[in-house]
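I opened this notebook to keep track of what I looked up in one structure. The entries follow the order in which I went through it.

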Amino acid sequence: MSTTNPQSDTQPDEGPRRSRWSRRPAEGSPAAAARARRRSKQRRRLANVAALMTGLVLTGALYSTLAPGAQAADEGSESSAEAAGRELYERSCISCHGENLEGVPNRGPSLIGVGEAAVYFQVHTGRMPLVRQEAQAPDKPAIFSDEEIDQLMAYVQANGGGPVLPSGDLRDGDLAAGGELFRLNCAQCHNFVGEGGALSSGKYAPSLEDANDLEIYAAMLSGPENMPIFGDNQLTPEEKRSIINYIQTITDMPDPGGAGIGRIGPVSEGLVIWVVGIAALLFGIFWMGSKA
């Protein structure tokens with residue numbers, strides 16, 4: 001008769017095995033240190049994400065709060081002249097020079113950086129608004145009044161910046177120095193006395209006879225058409241005033257001896273007198289001979 005071993009019928013106790021796998025590492029062990037590092041790294045990541053989200057939310061809130069106020073302040077700071085100039089610009093200039101003075105390809109150049117000097121010269125001489133695209137914009141009676149020109153100047157200067165017009169007497173420079181500077185820098189195109197002359201490709205240097213002081217100064221600052229820009233590094237304000245004094249002096253100078261023949265110079269004037277005088281003398285000789 002066999003007897004059953006009570007120990008053989010009982011299941012092995014797995015409690016110690018489970019507890020061995022599920023229990024936490026002892027403090028100070030390498031496993032505990034690694035576990036702590038992982039948790040610390042996860043907490044840092046979560047903290048960084050939370051800080052980033054908080055920064056984005058605050059940035060959006062500040063922008064939505066402050067940006068409209070800044071824009072309103074900018075609009076409110078626009079002077080009445082600039083506002084009127086904006087209306088004139090949008091009515092007469094925007095199609096060629098763009099909404100933001102950036103210019104339009106094949107229509108008009110950018111006005112950023114040209115300043116009020118270029119606006120005064122182009123508009124006061126009637127060159128702008130341009131009637132049609134040509135080799136060179138001709139001068140003609142101005143379309144805008146002096147007040148409207150000042151408003152356009154204020155708008156372009158406020159939004160594009162650039163050279164500004166001077167004030168005071170523009171003819172207080174040295175006359176002799178002005179003549180020397182003019183012959184050195186301007187006579188190649190404008191003739192020795194500002195009569196103008198032809199250039200290449202259908203372009204020309206205009207006569208300075210009817211130009212006022214501000215137009216001449218503005219032209220030197222802005223360099224219209226083929227004219228180079230004479231900034232203060234090339235010609236000082238005193239030298240510009242000397243040139244203006246020379247131009248306006250020879251323009252207003254009378255001719256008590258007769259016709260000035262364009263004041264093209266003594267050699268050329270002598271040649272004209274010689275040719276005309278000899279022709280008149282020969283005509284008289286032949287006429288008297290025919291009567292004899």
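This is a predicted model: local features need pLDDT of at least 70, side-chain atom pairs count only at pLDDT 80 or more; totals for chains, interfaces and linings use all residues.

Entry: I looked up N191 for its backbone, and found a positive phi of about 75° although the residue is not a glycine. With a relative accessible area of 1%, L101 is buried. I then checked the peptide bond joining M128 and P129, which is cis with omega about 0°, and I placed P129 in the loop between α6 (115–124) and α7 (146–160).

**Entry: overall make-up.** I counted twelve helices and two strands in the protein, and along the sequence they follow the pattern α-α-α-α-α-α-α-α-α-β-β-α-α-α. Of the 292 residues, 26% count as buried. The protein exposes about 19,600 Å², of which carbon and sulfur atoms supply 58%. Taking contacts between residues at least 6 apart in sequence, I noted that 58% join residues at least 24 apart.

**Entry: the annotated binding site.** Which residues does UniProt list under "binding site"? The unreviewed entry gives C93, C96 and H97, and the lining of the largest pocket takes in C93, C96 and H97 from this set. I placed C93 in the loop between α4 (80–92) and α5 (94–97), whereas C96 is in helix α5. Is C93 buried or exposed? Its relative accessibility is 15%, so C93 counts as buried, while C96, at 30%, counts as partly exposed. Leaving aside neighbours within four places in sequence, I found C93 in contact with L88, G98 and L152. On the same terms of sequence separation, C96 touches G103, V104, R107 and G108.

**Entry: the annotated transmembrane regions.** For "transmembrane region", the unreviewed UniProt entry lists residues 46–66 and 271–289. I followed up residues 271–289, a span that is 100% helix and 0% strand, with its end C-alpha atoms 27 Å apart. I also recorded a nonpolar patch on the surface, with about 1,200 Å² of accessible area together, whose members include L271, W274, V275, F283, F286 and W287. One of these, F286, lies in helix α12 (residues 266–291), and F286 is exposed because its relative accessible area of 62% is over the 50% cut-off.

**Entry: a buried lysine.** I looked up K240, which lies in helix α11 (residues 237–252). Where does K240 stand on accessibility, buried or exposed? At 0% relative accessibility, K240 counts as buried. Leaving aside its neighbours within four places in sequence, K240 is in contact with Y217, M220, L221, F230, G231, D232 and L235.

Notes
Residues are numbered from 1 along each chain as its sequence is written. Side-chain values use heavy atoms; hydrogens and water are left out. UniProt positions are given in the numbering used here, feature names are shortened, and annotations may be inferred rather than shown by experiment. On a 1 Å grid over the protein atoms alone, a cavity is a set of points where a 1.4 Å probe fits but cannot get out, and a pocket is an open set with protein on both sides within 12 Å along at least five of seven lines; lining residues have an atom within 4 Å of a point. Helices (H or I, at least four residues) and strands (E, at least two) are DSSP runs, numbered from the N terminus. Buried means under 20% relative accessible area, exposed over 50%, partly exposed in between (1.4 Å probe, protein chains only). Contact means heavy atoms within 4.5 Å. Patches are made of residues with over 30% relative accessible area and no salt bridge: like charges are joined within 9 Å, nonpolar side chains (Val, Leu, Ile, Met, Phe, Trp, Tyr) within 5 Å. Accessible areas come from the Shrake-Rupley method with a 1.4 Å probe; for residues, only the protein chains shown count as cover. A salt bridge is a side-chain nitrogen of Lys or Arg within 4 Å of a carboxyl oxygen of Asp or Glu.
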